[in-house]
Amino acid sequence: MFVLELSYTAPLDAVDAVLPAHSAWLDQQYGKGFFLASGRKNPRDGGVILAVAEDRARIEEVVAGDPFVVAGVCAYRVTEFIATKTAPELASHRQTLG
């Protein structure tokens with residue numbers, strides 16, 4: 001499981017110009033099963049996405065396709081973690097230490 005932290009690297013008007021494409025991209029990733037939750041940070045200087053993928057290389061490939069990245073308006077920080085406990089709704093994503 002991965003925590004994806006987005007930090008805006010451009011003014012909000014530049015971010016907002018790409019927001020419709022970013023939102024459509026988010027919908028695609030939810031449809032493919034990569035994303036579990038997402039939203040803006042408060043204050044609005046970026047966002048956070050909770051994601052799943054088979055490995056870090058795959059999630060970095062997904063992130064590289066974000067229109068925010070392509071337009072150069074944000075940078076990602078990718079943190080991988082082992083989800084040993086989850087809410088019941090996320091039980092299929094639980095991992096064991098090994």
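Mentor: Start with a definition: two strands pair if DSSP finds at least two bridges between them. Strands (E, at least two residues) and helices (H or I, at least four) are DSSP runs, numbered from the N terminus. This is a predicted model, where local features need pLDDT of at least 70 and side-chain atom pairs count only at pLDDT 80 or more, while totals for chains, interfaces and linings use all residues. Residues are numbered from 1 along each chain as its sequence is written, and side-chain values use heavy atoms, leaving out hydrogens and water.

Trainee: Okay. How many bridges join β1 to β4?

Mentor: Seven, and the two strands run antiparallel. β1 covers residues 2-8.

Trainee: New topic. How many aromatic pairs are there?

Mentor: Three. Rings of Phe, Tyr and Trp (its six-membered ring) pair if their centres lie within 6.5 Å; planes under 30 degrees apart are stacked, over 60 edge-to-face, the rest tilted.

Trainee: Why is the pair of Y8 and F68 edge-to-face?

Mentor: Because the planes stand at 85°, with the centres 6.0 Å apart. Y8 is in strand β1 and F68 in helix α3 (residues 67-70), so the pair ties together parts 60 residues apart in sequence.

Trainee: Is F68 buried or exposed?

Mentor: Buried, at 1% relative accessibility. The cut-offs: buried is under 20% relative accessible area, exposed over 50%, partly exposed in between (1.4 Å probe, protein chains only). Y8 is buried too, at 17%.

Trainee: What about Y30 and F35?

Mentor: They form an edge-to-face pair, 6.0 Å centre to centre, with 90° between the planes. F35 is buried at 3%, while Y30 is partly exposed at 31%.

Trainee: Which residues make up the ring cluster?

Mentor: W25, Y30 and F35, linked by ring pairs.
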